Amino acid sequence: MSTPHPALFEALLRLGDDRLVLGHRTSEWCGHAPILEEDIALANLALDLIGQANLLLEYAGAVEGAGRDQDALAYFREAIEFRNALMCELPKGDYAVTIARHFLHGVFSVLQWDALSSSTDATIAGIAAKALKESRYHVRHAGEWMIRLGDGTDESHRRAQDAVNLLWPFTGELFMPCSDDAELAAAGVTADVSSFEAKWRETIDDVMLRATLTVPEGAWMQRGGREGRHTEHLGHMLAEMQIVARSHPGAQW
Amino acid sequence: MAGVPTRELVLAWLDEVKDPEVPVLSVVELGVVRDAVVSADGTVTVTVTPTYSGCPAMRVIEEAIRDELLLRGLPRVTVRTVFTPAWTTDWIPESARAKLEAYGIAPPGRAIVEEALVPLRRANGTPRCPYCKSARTELRSEFGSTACKSLCWCADCRQPFEMFKAI
């Protein structure tokens, strides 16, 4: 793309940063998961998410037109320049928190990719159609674990419910439209996130019921990530994620 | 080199380039190579599509394609990535599926988009064991040693085996 497009750049950062930050958090389980199969599963999930972020941030860099590539955007931005939803940056917590976050964000992702796969922007549509296939098996994995944990032992039920209670106040932000997105959504380039909130809730409720878990009602919804106002956790995560690239700028291997 | 090769010849050459993670399949059989266009001056543009967004083998595959064609004497090779249509295992032909099974990897079933996001029962059954051909197998994990494979287990020969994920 030759003409810089600030609103599209921001929209691509929101898409890419969600996957980059959640992907990095997921990679923290590598070598630490409760069983080998889940260690492998989470490494695969992280790989998919970081792969999606790579494609989205590469395109974001091209749209920005300032010569930044995906590595510059991933490793040389400060926390206030990140546009991920707060949910993605929270510490990985126990296994229930990890699974519940993958489930809540994964269902959102499936619906978002599904909507974006008919974007009028061919690059976004192509990335979305590919990511949709991946998000579908991510949700299958997380959803089956939600049911297994929720409808499992007293201990696993307690932890799964605690995880849902912890994460629920961060779900509202996923569906809060951003002011600079209205024009792009109207033009069919992006998708209005609020348009699939009802469908999201329906899917969540169905699985929560099967998992014998309860959705907390009336929670105050946190926000700020889309505007660069993050929790204290993101800075610590970025310090670890960015240290090698910043210590050896321009290194190739 | 004498003359400009045909598109068919270029694709036949690319059929010699194997997937680095599944070395019994070529990048053509896998469906990663979508097309090759040969221009009058011998420049070849190969169109590829990634299997998974984060597949770490994609860069290696692109380099292998370029190396193969440059070694064949082509003057210039360009590898172009497209995302549409999205890669699907349905593109893998029957002949390649047989090679996968002989190699010890159960070939993918049909790529079915299930209606429910968290279905009660999977639309695809489990594959037969690539070693003893038993149907008494189970899916242990949808995730395996690479992005493209799942982990299964055979109740008869009591061997774990991998299955190519259907997507």
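User: How many cavities of 30 Å³ or more does a search of the whole structure find?

Analyst: Keep in mind that this is a predicted model. The search covers the whole structure and takes in cavities of 30 Å³ or more. The number of cavities found is 2.

User: Which helix supplies the largest share of the lining of the largest cavity?

Analyst: There are 17 lining residues here, and A:R14, A:L15, A:Q112, A:D181 and A:V193 are the closest to the centre. By class, the lining splits into 10 nonpolar, 2 polar and 5 charged. Both α1 (6-27) and α5 of chain A supply at least two residues. The largest share, 5 residues, comes from α1(A).

User: And which helix gives the most to the lining of the second largest cavity?

Analyst: Residues lining this one include A:H102, A:H105, A:S135 and A:H138. The classes come out as 2 nonpolar, 6 polar and no charged residues. At least two residues each come from α5 and α6 (122-150) of chain A. With 4 residues, the top giver is α5(A).

User: Let's turn to the packing. Which residues touch the most other members of the largest nonpolar core?

Analyst: That core has 118 residues. Helix α5 (residues 95-116) of chain A gives the most to this core, 13 residues. Beyond its neighbours within four places in sequence, B:L69 is in contact with residues including B:W13, B:V44 and B:V77. The members touching the most others are B:I65 and B:L69.

How values were computed. Residues are numbered from 1 along each chain as its sequence is written. Chains are lettered from A and ligands numbered from 1 in the order in which they are written. This is a predicted model: local features need pLDDT of at least 70, side-chain atom pairs count only at pLDDT 80 or more; totals for chains, interfaces and linings use all residues. Side-chain values use heavy atoms; hydrogens and water are left out. A nonpolar core is a set of buried Ala, Val, Leu, Ile, Met, Phe, Trp, Tyr and Cys residues joined through side-chain atoms within 4.5 Å. Buried means under 20% relative accessible area, exposed over 50%, partly exposed in between (1.4 Å probe, protein chains only). Contact means heavy atoms within 4.5 Å. On a 1 Å grid over the protein atoms alone, a cavity is a set of points where a 1.4 Å probe fits but cannot get out, and a pocket is an open set with protein on both sides within 12 Å along at least five of seven lines; lining residues have an atom within 4 Å of a point. Grid points are joined across faces, edges and corners, and a volume is the space filled by probe spheres set on the points. Ala, Val, Leu, Ile, Met, Phe, Trp, Tyr, Cys and Pro count as nonpolar, Asp, Glu, Lys and Arg as charged, and the others, Gly among them, as polar.
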